Amino acid sequence: MLSSREEVLKITNELVEVESVVNTIGEIDMANSLYQQIGSLPYFQKNPSYVIKSVTEHDEIERYNVLALVKGTKEKSNKAIILMGHMDTVGIEDYGKLKDKACFPDELMKALSNETIPPLVKEHLDSGQWHFGRGVLDMKSGVASHFFLLKYYSEHPEKLSGNLVFLAECDEEDSSHGVLSALGDLKRWRDEHQLDYLALINSDFVAPRFEGDRNRYIYKGTVGKLLPSFFITGSETHAGSCFEGLDPNYLAAELTRQISYNPDLCDESLGETTVPPVSLKQTDFKPTYTIQTALSAYVYFNFFIHSWSPKDVLIKLKDQAELAFNHALSKLAERHRKYCERSGQHYSELPWKPRVIIYEDMQKLLVDQHGETFLQHMEKFKTKLLLDNTLDTRMFAARVVEEEWNWMKDKSPAIIMFYSSLYSPRIEMTGKNEREQNLLKALDDAVETVQPHYPHPIVTRNYFPYVCDMSCVALSDDEEGIRAVSENNPGWGTKHYVNYEAIREINVPVVNIGPYGYDAHNRYERMEILYSTEIVPNLTNEVICRLLGMDSKQTAQLLADETITKG
């Protein structure tokens, strides 16, 4: 086995010490540091064009990706493997008074040893077999593993048949500007160096799936993520005459009750099931207090998919919204009747009817009704709205729908459905073509080789369960599925745009072999040193060897000779 522990841990610490919180200047610092480290290696001093620092495109802030290329000399080949990992992290505010130590693992672990911490955290800390700090797990140790292999083959190109492309991307934790921008660089290098991308190996973190889970997971493909959003209009009234209007917050609450945690909205595929959707925001648009009910409300949900398309999700959620609307009106009528009985007031049926509209259908209706006048107005409105830097893509989309609603002739209460953020496409790795078959076979063989030398089960699963940048290098959706995204995002082409055709053009099979640990995005974030610094780089190397047709018997012998403490 490649002797990797000390060097991967050293590289991890060097990366962690650069505070690279997403959407801060630290992302630039991280890219500069990594670019300089790679550029200082003798191979890249001889081949300076093989390492680049590339600025992101269509981004609201300045930040960079780092890419590097090593060409093997063992055998001339255009085959190439992409090694990908992200450089950014979430914030460090959760560390509280230890915030100044969050990016310095040794100092942090010393400080934590003097605190009262949960039993399992203390057990890991005292063992010396776990490493703590912001980004050690998510996912700078993964980047360090890839850097180790890049450095190794840059020093030994004679052992490499084919090519390695290293991609360290920014902005994974927010909007994936990094990987989406890197698609152009990958395409340019593919054409310039005549590379044939066989596979992409991501190195995002893995974690236990349940309490007591001893498995270390490798994932083939990844979950998809959508942000279905609902603009809800009511009929305003004075709170003293509440039954004379329809409160959109009341509808929003019922919609959330219907959708959040609903197991009927879990997507099951290849024997694996997504977690159900959950609300990520619920609000109304009243700017200040008044005794009038709100004019409109807004709610959006996290929604994971394995096999459903964005169009499928719209259809399913329209059904759910109609159920929620019906239930809300039914309950409202019941309460109105009881109130009239108690108060002695005359009861009459309320006028509201369920009304759920998919955004693209509302668009067609408005164009039919108002034509070019409407289109020109909305173009000017969006241009002006773009100047408001306080609006993220989600609130931008909601404000667009709010303005378009003002053009509707029928103002009776309604729920408008749309998407308001990035669609991270699902990727299914089923062996549907030769490249997928080769990658899956290489992965199975690699696990079989390494497993005897590690005490815990290494288990492969079909879908990486968290949002990650693997979604941006391949597509399982057809054109109709992607069109459902673009036609139903009010910010498409202005505040938000993704060139899904660029993804389809790269379209490389993916697996995730990443560090193992606990509490990512938490002050106790930590990785298991043995798995993360030894098993991960060697598993990755085994896959590389098999895909590029290199003899891995020597590696297997080294692995057999390596002493690994079991238990």
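I looked up G517 and found it opposite M527 in β19. The model is predicted; I took local features only at pLDDT of at least 70 and side-chain atom pairs only at pLDDT 80 or more, while totals for chains, interfaces and linings use all residues. Residues are numbered from 1 along each chain as its sequence is written, and side-chain values use heavy atoms, with hydrogens and water left out.

I checked the pairing next: β18 and β19 (residues 526-528) run antiparallel and are joined by two bridges. Strands count as paired if DSSP finds at least two bridges between them; helices (H or I, at least four residues) and strands (E, at least two) are DSSP runs numbered from the N terminus.

I then traced the open sheet, three strands in the order β4-β19-β18, paired antiparallel. β4 (130-132) and β18 (517-518) are the edge strands, each pairing on one side only.

I noted that helix α5 (residues 119-127) packs on this sheet and touches β4, β18 and β19. Contact means heavy atoms within 4.5 Å. The direction of α5 makes about 110 degrees with that of β4; axes are lines fitted to C-alpha atoms, for helices over the stretch in contact, and angles run from 0 to 180 degrees between N-to-C directions.

I looked for a cis peptide bond and found one joining D138 and M139, with omega about -10 degrees. M139 lies in helix α6 (residues 136-155).

I also looked up D171, where phi is near 55 degrees, positive in a residue other than glycine. D171 sits in the loop between β5 (161-169) and α7 (177-192).
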